[in-house]
Amino acid sequence: MQPCEPTNTPEVVDQEALHQKYLAERDKRLRRDGQRQYVETGDDFAEFYEADPHTPVTPRTPIDGDIEVVILGGGFSGLIAAHRLQQAGITDFRIVELGGDFGGVWYWNRYPGIQIDSDAYCYLPLLEETGYLPKEKFSHGDECYEHAQRVGRHLGAYEKALFHTLIRSLEWDEEIQRWRIATNRGDTIRARFVIMCQGPYNRPKLPGIPGISDFRGHTIHTARWDFDYTGGNLHGGLDRIADKRIAVIGTGSSGVQAIPHLARGAKHLTVFQRTPSYVFERSDSPTDPEWAASLKPGWREERQRNFHNATFAFYSPGEQDWICDAWTEVSRNLAARLNATDGWGALADPVKFAEMHEAEDYRVAERIRQRVDSVVTDPKTAEVLKPYFRILCKRPVFNDEYLPTFNRPNVTLVDVSDAKGVERITERGVVANGIEYEVDCIVFASGFEITSSLDRQLAIQPLAGREGRSLYDHWDKGFRTLHGIMSHGFPNYFSTGFIQGGVTASTTKMFEQQADHIAYIIAAAKTRGATVVEPTAEAEENWIRTIRENRIDNTRFVGECTPGYYNSEGETNGRFFLGEPYGPGFYALEELLQNWRDAGDLAGLDLTS
Ligand code: NAP
C-alpha cells in the first residue's frame with residue numbers, strides 16, 4: 001500500500017460568505033428542545049432496545065453469586081478489557097452483555113449496507129494477537145462481528161459471558177464491599193470490581209415526532225433490523241419489500257448506508273432529510289497481499305500514530321499519509337500546501353495554523369458539494385443534498401451508491417430542514433411540509449443516546465456509590481474523575497469511553513489505553529491485599545483542574561456547528577461527544593499514565609482491605 005496524493009480542491013473565493021451560509025443553516029435547525037426532541041427506547045418503545053431480532057433468548061437459571069470483576073458490555077471495549085485483565089493475571093471475571101453474542105454495535109447493527117467508516121487496520125483490535133488481517137480497508141459489518149467472535153474465542157471469553165443479560169441496577173454495598181448487580185434475568189451478582197464498557201452507541205433513540213405511536217404500519221430502527229420483514233441480509237438483496245412503500249427518517253451514517261439497498265428493494269422509498277451528510281467516495285480496496293506480507297511487528301501502532309497525527313495532531317514535515325481517506329484529506333492537502341510553499345513555519349503559530357486548516361476544510365467541503373452536482377441529475381435534488389457546515393461537525397460518511405440513489409424514479413427526497421424535522425406521524429404515514437406520505441414501513445435511522453444525559457445512555461437505575469450517591473448526580477455539572485476512569489465515592493468502579501481521557505482516531509485504541517490502566521490498578525490493588533480502591537477527593541479535584549487548565553478551546557467550532565449529537569444538538573453547556581479530552585493529546589496522556597504506573601505508588605488512590 002502506498003501513501004497518497006492530495007486531492008484537487010476548488011478555491012473558495014468568498015470564505016466569509018460561505019461561513020455565513022453555514023451559520024444560517026445551523027440556525028435553521030436549532031431547536032429549543034435540543035436533546036429532549038428524542039424519545040427514549042424505554043417503556044412503550046423498549047422493544048427497540050431490549051428485544052433481540054437476531055438470536056432467540058435461551059431460558060437460564062438466575063445466578064446468585066460473588067464474582068471478582070464484572071465487565072458490562074461484550075463489544076470491542078469489553079473484549080479489550082477482558083484481554084488486559086487476563087494479561088494482568090486476573091481471570092475471575094464475567095462479561096455481561098445484552099446481545100446474544102460478542103460484538104456490541106457489530107452484533108446489533110446489521111442493517112443492509114453496514115460497513116465500517118474508518119480504517120479497519122487501525123480499528124479492529126487484537127489483530128496481531130489473533131493473527132488476523134481485515135479483508136479490505138473498510139470491513140463490512142459481518143467481518144467486524146466475526147472478528148469480535150474471533151477475539152472472544154481467542155480469549156476463552158465465551159465461558160465467562162452472560163449473554164442476553166441487561167444490568168438494571170448497580171449499588172455499592174459498604175458492608176460486603178462489593179457492587180450489588182441486578183439484571184433482567186433475575187440475577188443477584190456481587191462484584192468486587194465493575195468495568196463499564198457500554199460503548200457510545202449502546203442505546204438506540206427515536207425521534208420524538210408527534211404521533212409516533214399512532215402509526216399502524218411496520219417500524220424498524222436501523223440498530224435492530226428486521227430481515228423477516230425486508231428479506232435479504234446485511235449485504236442487501238431485500239427481496240420482501242417489492243410491494244412496499246418505505247420511509248426513512250435519518251440521513252446520518254446508518255441512513256446513508258441503508259438507503260441504497262432500500263431503494264433497490266422497495267416499491268417506493270421516501271427519504272426525509274433534515275441535514276445532509278458529507279458523502280465522500282468510499283474507494284474501498286482489498287488488502288494487498290504484498291503489503292500484508294511486508295508487515296513487521298508493531299505495524300499497527302505505527303499506522304495508528306499516523307492516523308492520529310492526521311486527525312488529532314498534525315504531520316511532521318516529510319511525514320506521509322498512509323490512511324488515505326476522508327478522515328485525512330484536509331490534513332493531507334494542507335501538508336502538501338505547506339510542502340509546496342515551504343510554509344511549515346506556520347505550525348509555530350496556532351492561530352495561523354487553525355486558519356489554514358479551516359481554509360483547507362472549506363475547500364474539501366466545496367469539492368464534496370461539487371461531487372453532488374456531478375452525480376445527481378436533478379439540480380433541485382442536488383441542492384438539497386449539499387451539506388453546509390464544517391466537515392467534522394458531523395460524522396462524514398463514505399459511500400459510492402448513496403448519491404446515485406436519488407436519480408432513481410422510485411425515490412423521493414423530502415427536505416424537512418425548514419420545519420426542523422418531520423412534522424407528524426399518522427396512522428398511515430409521515431407528514432412533512434403539510435403533505436402526508438402514506439407508507440407501509442418507517443425506518444428510523446435516528447441514532448443513539450450518545451451525548452444525552454448519562455442516565456438515558458446507560459438506563460441503569462440506580463447507579464449508586466457510597467451512601468447511595470448517584471453517579472448521575474456526581475457528574476451532573478460535568479465529569480468528575482481521576483484519569484478519566486475512576487470517581488471519588490464510587491469505589492472499584494471503572495468507566496471507559498469519552499470522558500476525561502485521551503482521544504485518538506480509532507476508538508478501540510482509546511479503549512486499549514483505558515483497559516491497560518484499569519487492569520494495572522485492579523492488579524496492583526490485589527497485590528497489595530486491598531479489596532477497595534478509590535480516588536481521593538483531592539486527586540479527583542486535581543485531575544479536573546489538569547483537564548480544564550489544558551483544555552483545547554473548541555467553543556467556537558462546536559457552537560457554529562449545525563446541531564447533532566456531536567454538539568448535544570446545539571445545547572449551550574451540552575456535552576461534547578468526545579467528552580473533555582486531555583488537551584496535550586492522547587500520546588502525552590499515554591506517557592503520563594505510564595509514568596504514574598512506573599512510580600508504583602498509586603498516587604491519588606486510597607486502598608483499604
Ligand atoms: P445520527 O448520526 O445521530 O443520525 C440521526 C439522523 O436522524 C440524522 O440525520 C438526524 O437529522 C435525523 N433525525 C432525527 N430526528 C429527526 C426528525 N425529527 N426529523 C427528521 N430527521 C431526524 O445516527 P446514525 O446515522 O445511526 O449514526 C450515529 C453514529 O453511529 C455515527 O455518527 C457513527 O459514529 C456511528 N455509526 C458508524 C457507522 C460506521 O462506521 N459505518 C455506521 C453507523 C453508525 P439531523 O442531522 O438534522 O439531526
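A quick word before the close-ups: a helix here is a DSSP run of H or I with at least four residues, a strand is a run of E with at least two, and both are numbered from the N terminus. Keep in mind that this is a predicted model.

Figure 1. Helix H9, which spans residues 253–265, gives the largest share of the shell around the ligand, with 3 residues. In total, 27 residues surround the ligand. The closest ones are Gln115, Ser254, Thr275, Lys394 and Tyr565. Sort the shell by class and you get 12 nonpolar, 11 polar and 4 charged residues. Which domains supply the shell? Domain 1 and domain 2 each give at least three residues to it.

Figure 2. Start with Gln115: a polar atom of its backbone sits 2.4 Å from a nitrogen atom of the ligand. With Tyr201, it's the side chain that matters, as one of its N or O atoms is 2.7 Å from an oxygen atom of the ligand. At Ser253 we're back to the backbone, where a polar atom lies 3.0 Å from a ligand oxygen. How much of the ligand's accessible area does the protein cover? On its own the ligand has 910 Å² of accessible area, and the protein covers 93% of that.

**Figure 3. Here's how the two domains sit together.** The domain assignment gives domain 1 as 34–42 + 204–282 + 391–444, and domain 2 as 64–203 + 450–608. Take the C-alpha centres of domain 1 and domain 2, and you'll find them 31 Å apart. Their contact takes in 35 residues from domain 1 and 31 residues from domain 2.

Figure 4. Strands of a sheet pair through backbone hydrogen bonds, either parallel or antiparallel. Strand S5 (residues 167–173) and strand S6 (residues 178–183) run antiparallel, joined by 6 bridges. Look for Ser169, which stands opposite Ala182 in S6. Ala182 also stands opposite Thr188 in S7. Strand S7 (residues 188–196) pairs with S6 in the antiparallel sense, over 4 bridges. The hairpin of S5 and S6 has 4 residues between its strands, and the hairpin of S6 and S7 has 4 residues between its strands. In the turn of S5 and S6, Gln177 has a positive phi of about 50 degrees. In the hairpin of S6 and S7, Gly186 takes a positive phi near 80 degrees.

Figure 5. Strand S16 (residues 429–432) is joined to S17 by 4 bridges, and Gly429 stands opposite Glu438 in S17.

Figure 6. Most residues other than glycine have a negative phi, and most peptide bonds are trans. The peptide bond from Gln461 to Pro462 is cis, with omega near -10 degrees. You'll find Pro462 in the loop between helix H16 (454–458) and strand S19 (463–464). Gln177 isn't a glycine, yet has a positive phi. Leu602 isn't a glycine either, and its phi is positive at about 50 degrees. Look for Leu602 in the loop between helix H21 (586–599) and strand S22 (605–608).

Methods:
Residues numbered from 1 in each chain as written. Predicted model: local features only at pLDDT ≥ 70, side-chain atom pairs only at ≥ 80, totals over all residues. Heavy atoms only, no water. Near = heavy atom within 4 Å. Polar contact = N/O pair within 3.5 Å; in protein donor to acceptor, adjacent residues only side chain to side chain. Areas by Shrake-Rupley, 256 points an atom, 1.4 Å probe, with all protein chains shown as cover. Nonpolar A, V, L, I, M, F, W, Y, C, P; charged D, E, K, R; others polar. Domains from an automatic or database assignment. Pairing = 2+ DSSP bridges. Contact = heavy atoms within 4.5 Å.
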